[in-house]
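Me: I would like to go through the terms used for this protein and ask what each of them rests on. Please set each value against its definition.

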Amino acid sequence: MQHSTIRYHLQQISDMLVLNGTLTECPGLVHGKMGIAIFFFHYARFTNNMLFADYAMDILGAIQEQIHINSPADYESGIAGIGVGFDYLIRNKFLLTKEDVCEDFDERMYRAVMYDPCFDFSMYDGLTGYGRYWMARLCYQDASKRSRESLHSIIMQIEDSCMDIPEENIWDVYCFLYDLQKIFGFTYSLKLSWMYKKWSASFVDIEKRFLRLSHSVVGDVAHVWQYNRYSNVITSGKLELTFKQIQDLDVGKSINMGLLNGLAGEGLLRLTVLDLTNVVWMQLL
């Protein structure tokens, strides 16, 4: 695919998202407004047109008006993913603020971990998604105590249920524990450490069950990148091959706007192909 074609696709994507971004009902990261805002911040840097950043700010404002103390806590569409999205924007200097924009989310997420029964260990709908939120909050001084308390609770729930966790959730659990151990230095009991090594040895089977990234071009690429990242395989060759397989964009057939299977993700994928943004945005998925 030629660079000129990709640039044309990006313009089409931008036009469609400008028309539909604030009208998208879901406020969340994976399928909704937060993913669209992340695309527009990246696109503003690409075009050097701050009007797109202004529009992204409008979307963030719409998100904050839409959510409340009893909003869903899940990562896919709820508070956990939105909080991780805000953290991503701050870490990548899209948002320059001295305020803790996620402070109001902490009460809801603390309640989700400590008091709301949850027997799902998946990232999108369950405890490891809550854990992703609290990992993002660890570096904030006022939130660090609750972060560690919540993460410890999630680890204990994983340990108590580790023999019974469904196979389709094991990848999410493994990746969550991997990041806690490697990035934040958390340690685990002998029982959980043994299970962690056992899960690591079964990557071939787990890869086939990594279902949350299925059925989209963006999900296929993110699957390769994340699988290689967590299994310590060099990713560049496989990603280059996948990028070459990007299909021509048919905006008329695109009914979704979000990050995983919509136009926001298609746009970020094309910015990545042009080497104009880092592939790390795929970690959000």
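This is a predicted model: local features need pLDDT of at least 70, side-chain atom pairs count only at pLDDT 80 or more; totals for chains, interfaces and linings use all residues.

Reply: Residues are numbered from 1 along each chain as its sequence is written, and side-chain values use heavy atoms, with hydrogens and water left out.

Me: How many helices and strands does the protein have, and what makes a run count as one?

Reply: Helices are DSSP runs of H or I with at least four residues, and strands are runs of E with at least two, numbered from the N terminus. By that rule the protein has 13 helices and zero strands.

Me: What makes α2 mostly covered?

Reply: Buried means under 20% relative accessible area, exposed over 50%, and partly exposed in between (1.4 Å probe, protein chains only). Twelve of the 15 residues of α2 are buried, among them F39, F40 and F41. Those buried residues pack against α1 (3-20), α3 (50-66), α4 and α13 (263-273), where contact means heavy atoms within 4.5 Å. In the protein, buried residues make up 54% of the 285 residues.

Me: Which residues of α7 are buried, and what covers them?

Reply: The buried residues of α7 are S147, S150, L151, S153, I154, I155, I158 and E159, and their cover includes α5 (106-114), α6 (127-137), α8 (167-184) and α9 (190-200).

Me: What makes the largest pocket a pocket, and which residues are closest to its centre?

Reply: On a 1 Å grid over the protein atoms alone, a cavity is a set of points where a 1.4 Å probe fits but cannot get out, whereas a pocket is an open set with protein on both sides within 12 Å along at least five of seven lines; lining residues have an atom within 4 Å of a point. The largest pocket has a volume of about 510 Å³, and of its 23 lining residues the closest to the centre are V84, D87, R91, R132 and Q283. The largest share of the lining, six residues, comes from α8.

Note on methods: Grid points are joined across faces, edges and corners, and a volume is the space filled by probe spheres set on the points.
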